[in-house]
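Thanks for coming. Please have a look at it first.

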Amino acid sequence: MKITSKLSVPKEGLAGLKENFLSDATAGFIVFLLAMPLSLGIAKASDFPPIMGLITAIIGGLLVSFFAGSRLTIKGPAAGLIVVVAGSVADFGGGEAGWKLALGAMVVAGLVQIGFGFLKLGKLADIFPLSAIHGMLAAIGIIIIVKQIPVLLDVNPELYKGLSIIQMITSIPRFLANFDPRATLIGVYSLAIMLGWPYLKEFKLGKIPAPLMVLLVAILSELAMDFAHTEPAYALLHIGNLVDNVKYNADFSGIAQTGIFVKYVIMFALVGTLESLLTVKAIDLSDPFRRKSNNDKDLIAVGIGNTISALVGGLPMISEVARSSANVNNGAKTRWANFFHGFFILVFVLVATPVIEMIPNAALAAMLITVGIKLAHPKEFVNTFKIGKEQLAIFLVTIVFTLVEDLLVGIAAGILLKVILHLINGAPLSSFFKAPTSISFSGNEYLVEIDKAAIFSNFLGIKKKLEEIPAGFHITIDLKNAVMVDHSVMENLHHFQHEYEENGGKVTLAGLELHQPVSDHHLAARRLKPA
């Protein structure tokens with residue numbers, strides 16, 4: 001839907017609350033139904049006290065919503081950070097001590113994110129090759145699935161405590177041999193509900209959020225089977241009292257382990273920032289009012305939220321894509337929807353903790369496995385291959401190195417392969433950080449000429465010049481002198497074209513007929529044809 005008048009854009013502040021109370025409160029309530037079980041599951045999978053996932057979501061809603069740079073994104077714990085969070089707890093020694101030392105690194109990472117915002121690094125996602133980012137997310141999905149398999153099977157945690165992801169994969173037969181039939185039954189049909197629910201969206205029953213249906217069915221099943229008296233303690237969720245848990249928990253003595261501390265500060269700040277920025281970008285495109293978020297302001301807000309959350313023991317937060325998409329799809333108009341989502345979580349955890357503690361962990365595992373499947377879905381591999389074989393190679397290398405080592409090594413490996421491929425394909429070394437870009441103006445038209453190469457590492461300079469052009473003109477982006485145009489730049493130029501034309505202008509990509517695409521995909525990388 002396109003707006004027809006500025007008057008139709010929702011108001012901000014208290015006026016916006018009054019104008020859009022019903023739509024924002026409704027959207028916030030539906031997002032709360034999605035966020036509450038996922039926040040619990042993400043915290044548990046991250047080796048944090050489960051209630052800390054709720055604390056992060058409450059801070060993200062009640063506090064961060066007021067000064068975020070994006071209007072419709074939901075702030076809360078992210079499945080994409082499970083790998084980093086759990087890894088940090090383990091590397092700092094595990095248990096309560098490992099959790100508190102990890103919090104120290106998270107506080108510093110939050111401050112780094114605030115610095116990113118003040119340094120205007122909201123365009124940070126544009127300097128990473130998209131295939132490496134997607135490979136990172138797919139690897140995270142695989143790790144989530146593998147780590148949640150024994151939880152879904154209700155296997156004794158002692159059987160998988162301290163195992164690496166590769167060891168977890170090779171131990172799956174052992175997990176299957178030690179599964180708990182009754183808890184696994186709940187896990188299996190919870191997974192079936194999560195995966196099958198989208199096919200019921202045309203029916204009235206399908207209007208109920210899938211996580212809510214899982215909770216209803218799982219809790220009723222747990223009561224019928226009397227898990228509290230017949231199952232081990234690890235079969236059910238335990239969260240404790242909110243008031244007792246909200247206190248200063250961060251421990252900064254982990255700084256003495258300099259290598260580990262710095263590694264996780266970088267990973268929390270980098271991965272969290274990338275995921276947040278990608279979500280903001282995606283939600284801006286789906287905002288029916290076509291409002292433009294302030295990425296730098298949003299990074300500052302998320303950084304402040306992360307700093308406060310880590311100080312009191314919470315998980316790191318991001319602008320989370322699944323909850324944000326649900327927010328938009330359920331009619332949210334302003335940032336108050338994010339506020340309401342946090343408010344409803346706070347109320348529920350204060351008055352209904354006994355209900356939360358009836359949730360079988362197998363049901364939470366099913367929800368997280370669904371998230372993992374979305375991140376590492378086979379269609380991600382197929383779509384990457386369609387863009388080009390070299391993109392699939394970068395995608396797979398990122399996945400493999402992430403699984404064998406960690407996210408930081410995985411992203412670095414993907415970027416290194418991308419650089420090598422660009423050099424092989426003729427991109428001049430001098431073009432890796434700057435593409436000579438000239439702009440001329442005649443009549444009602446701007447001509448943007450890009451020389452040498454237009455690749456992921458130099459796109460920020462190109463983007464800066466494009467964003468300096470006023471709205472409403474005809475822009476021709478001439479790439480005839482670029483030896484190559486890579487996939488990341490092709491996608492980013494199409495995003496720029498979409499946004500510029502939304503505001504009444506026109507963008508033409510010229511010179512591409514002189515290039516040979518590496519595949520039939522419209523976003524494929526292109527090399528200049530021999531003269």
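The side chain of N327 reaches the backbone oxygen of L72 at 2.9 Å. That is a polar contact, meaning a pair of N or O atoms within 3.5 Å; within protein, one must be able to donate a hydrogen and the other to accept it, and residues adjacent in sequence count only if both atoms are side-chain atoms. Before going on, note that this is a predicted model, where local features need pLDDT of at least 70 and side-chain atom pairs count only at pLDDT 80 or more, while totals for chains, interfaces and linings use all residues. Residues are numbered from 1 along each chain as its sequence is written, and side-chain values use heavy atoms, with hydrogens and water left out.

Back to N327. This residue is found in helix α15, residues 321–329. Helices (H or I, at least four residues) and strands (E, at least two) are DSSP runs, numbered from the N terminus. Is N327 buried or exposed? N327 counts as buried because its relative accessibility is 0%. The cut-offs are under 20% relative accessible area for buried, over 50% for exposed, and partly exposed in between, with a 1.4 Å probe and protein chains only. Not counting residues up to four places away in sequence, N327 touches A27, V31, L72, I74, A332 and A337; contact means heavy atoms within 4.5 Å.

Next, charges. Side chains of opposite charge can pair when their charged atoms come close. The rule for a salt bridge is a side-chain nitrogen of Lys or Arg within 4 Å of a carboxyl oxygen of Asp or Glu. By this rule the count comes to 17.

The bridge from E12 to R335 is 3.5 Å, N to O. R335 lies in the loop between α15 and α16 (336–351), so here the parts tied together are 323 residues apart in sequence. E12 is partly exposed at 36%, R71 is partly exposed at 22%, and R335 is buried at 15%.

K463 lies in helix α22 (459–467) and D126 in the loop between α5 (95–118) and α6 (130–152), so the pair ties together parts that are 337 residues apart in sequence. K463 and D126 are both buried.

Now the nonpolar residues. A nonpolar core is a set of buried Ala, Val, Leu, Ile, Met, Phe, Trp, Tyr and Cys residues joined through side-chain atoms within 4.5 Å. The largest one has 113 residues, and those touching the most other members are L40, F48, M106, F268, V349, I356 and I359. Its largest share, 11 residues, comes from α6. Apart from this core lies another, of 22 residues, among them I475, I477, L479 and F496. As for M106, its contacts beyond four places in sequence include F48, V85, F268 and P316.

That is all from me.
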